[in-house]
Amino acid sequence: MSSARRRAAAYWLSAPALAVYALFLVVPIASMALISFQNFEFYGGIQPGITLKNYREIFTDSYYWEVFGRTFWIALVVTALCAVLGTFEAIVLHRMANPWKSIFLLVVLGPLLISVVVRTLGWALLFGSTGLANKALLALGLIAEPIAFMYSVTGVVVALTHVLVPFVVISVWASLQRIDPAVERAAVSLGARQPTVVRRVIVPLAMPGILSGSVMVFALAASAFATPAIIGGRRLKVIATAAYDEFLNTLNWPLGASLAVLLLAANVLVLYASNRLIERRYKAVFRESAA
Amino acid sequence: MIRNGPLALVFHALFIGFIVAPLAIVCVVAFTPLGYISLPTDGLSLRWFAAILDNPRFISAFWLSLALGLVSSVIATALAVPAALAVARFHFPGRDAVSAFLLSPLMIPHIVLGVAFLRFFSAVNINGTFSGLVMAHVIVILPFALRLVLASATGMDPAVERAAVSLGAGRFTVFRRITLPLILPGIVSGWLLAFITSFDELTMSVFIASPSTTTLPVRMFLHIQDTIDPLVAAVSALMIAGTLLLMGALDRLVGLERLFVGKGKQ
C-alpha cells in the first residue's frame, strides 16, 4: 500500500470510535461546562444567559470550603497510606518465590475487579454492626478503646485505602520488574544490611512507579463517590457526594455542574502536571530501563 | 535472589488480612440464619440466598446489568479493535493524539461523566433509557478494551502478514486468517475486562439510571443507603463468586499479571 492509502486506512479504522467519542464524550462534557455558567432559580429552573454566580457561590460559601478541605485531606492521607503500604507489599511480593508470588499477587490485585460497592459494604460490616474491626484492634493491643469508624473521616480513609492500594502495588511491581537483581546483590556484597538496601537502592529505583501509582490514587481518592457515601454517611460530604446532592436532591444542576467542572479541572491538572514532572525527573531511569 | 525476613512476612500477613477481611466478612455474614447482620455462630443458613429469589428488584437489576454489560462491551470491543489496529500498525499524523483521546475517559472522574451524561441525555430526551446507559458505558469501558487489544496488536510480527500477502492472500483473508487469530486473546480479554467494568460501574450509572433501568450496583447502593441487611450481603457474596470465576477465565487467557501490569506471562 502507498503511504497515502495507508494513512487513509488508519483514519477509517479509527473513525467509528472517534465519532462515538465526539458525540458521547465531547458534547456531554461541553454541555455540562455550559450549564455550569447558567443561573438556577428555585421557581423556574435553569435560566438563559451566562453568569459566574455558581462559581462565586462555591468559592464564598464556607460549606464548600469545608467540603473541598475534607476531600483534599482524605485524598492526601489515603495517598500517603497507599504509597507506603503498597510499596512495601510490592517489594515483599517481588522477593517471594513462585507459586506464592503469583497467588498473593492475585489476592492483592483481584479485588480491583470486585465492585467497589461490595468492598465498601465489607468495611461497613466490619466497622458497624459486627464491630469486628474494633474487636480485632483491641485484641491485638493496638488501641485501648474502640474507635468510631462509621460516619467518620477515619473510616472513610481506611476503606478508601483498601479500595485504592492495589494501584500502587501494580505500578511499583512494574518498576521492580525492571530492576537488575545484580544491583541488589552488589549492595549486599558491599556490606549493606536489608533496611539499607531497601532505603538506598530499591526505593530510589522504584520511585517512578511509587510516584505514578500515588498520583493515580490521589486522583481517584479525590473523586471517590461510593465509599464516602456509604461509610461517611449523609453528613460527611466530599466533592463527589456534594455534587450528587445538588443533582438529585436539591435539583440545582448548574451548581452541581460547577462542582463537577472544578473537580475535572483539578483532576486533569494534577495528572498532567505530575506526569510531566515524573517524566522529566526520571527521564534517565526510563531511558535506562528502555535500553 | 534476596528473600523476605521475618518482619517483612509479618507485614505481608497483616496486609493480606487487611485486603481479604472485608470480602471475607461479606461472605460469612451472607450465611447467617438470623434476621439481622450477625456472624453465623450457631449454624449456617442459605435463607438469605433464597430471599434474593423472592426479591424481584434485585433479580431484574441483575438481568439489566447483565444485558447492559454484554451489549456495551460488545460495542466497545467492536469500536476498539479497528482503532487499536490503526494505532498499532500505522504511522499517521495525529496517531498519539488519537490514542490519548481514546484513552482519556480513564482520566475523567466517573462522577463528572455522570453529571455530563445526565445533562446531555435529559437535553436529548434519552435519560433513564437503556440505550443511554449503553452509550455511557461504552465510553467508560472502551479504554480497557483498547489497551488490551493494543497490547496484543503491538506485540505481533508484521512480517507474518506480509508473508501471507506475498503468498497471494487478499486483504480480508489476511485479516480473517492471520491478524484476527493472532490478536484474539487480546480481544477476548479486553472484552471480558470491559464487561466486568461495566457490570461493576456505580458512580456514573447512579446519575443516569431510572427506576426502570436500575443496574445491580445502583440497586445495591440504594439498598445500603437505606439499610444494611444480610440480603445485600448475600447478593454481594454472589458477586464475589461470579468475579472469581471470570478472574479464573482471564488468568487462563492472558494471565492476570499481564492484564494488570502490562507484561508477565507471554
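Start with the contact between the chains: select 75 residues of chain A and 72 residues of chain B. Two residues are in contact if their C-beta atoms, placed from the backbone, lie within 7 Å. This is a predicted model, in which local features need pLDDT of at least 70 and side-chain atom pairs count only at pLDDT 80 or more, while totals for chains, interfaces and linings use all residues. Residues are numbered from 1 along each chain as its sequence is written, and chains are lettered from A in the order in which they are written.

Next, select helix H1 of chain A, residues 3-35. Helices are DSSP runs (H or I, at least four residues), numbered from the N terminus. H1(A) gives 20 residues, the largest share of the side of chain A that touches chain B.

Now colour that side by class. It has 56 nonpolar, 13 polar and six charged residues. Ala, Val, Leu, Ile, Met, Phe, Trp, Tyr, Cys and Pro count as nonpolar, Asp, Glu, Lys and Arg as charged, and the others, Gly among them, as polar.

Show the side chains. H1(A) brings A:Met32, A:Ala33 and A:Ile35. From H12(A) come A:Trp253, A:Pro254, A:Ala257, A:Ala260 and A:Val261.

Conventions
Helix = DSSP H or I, 4+ residues; strand = E, 2+ residues; numbered from the N terminus.
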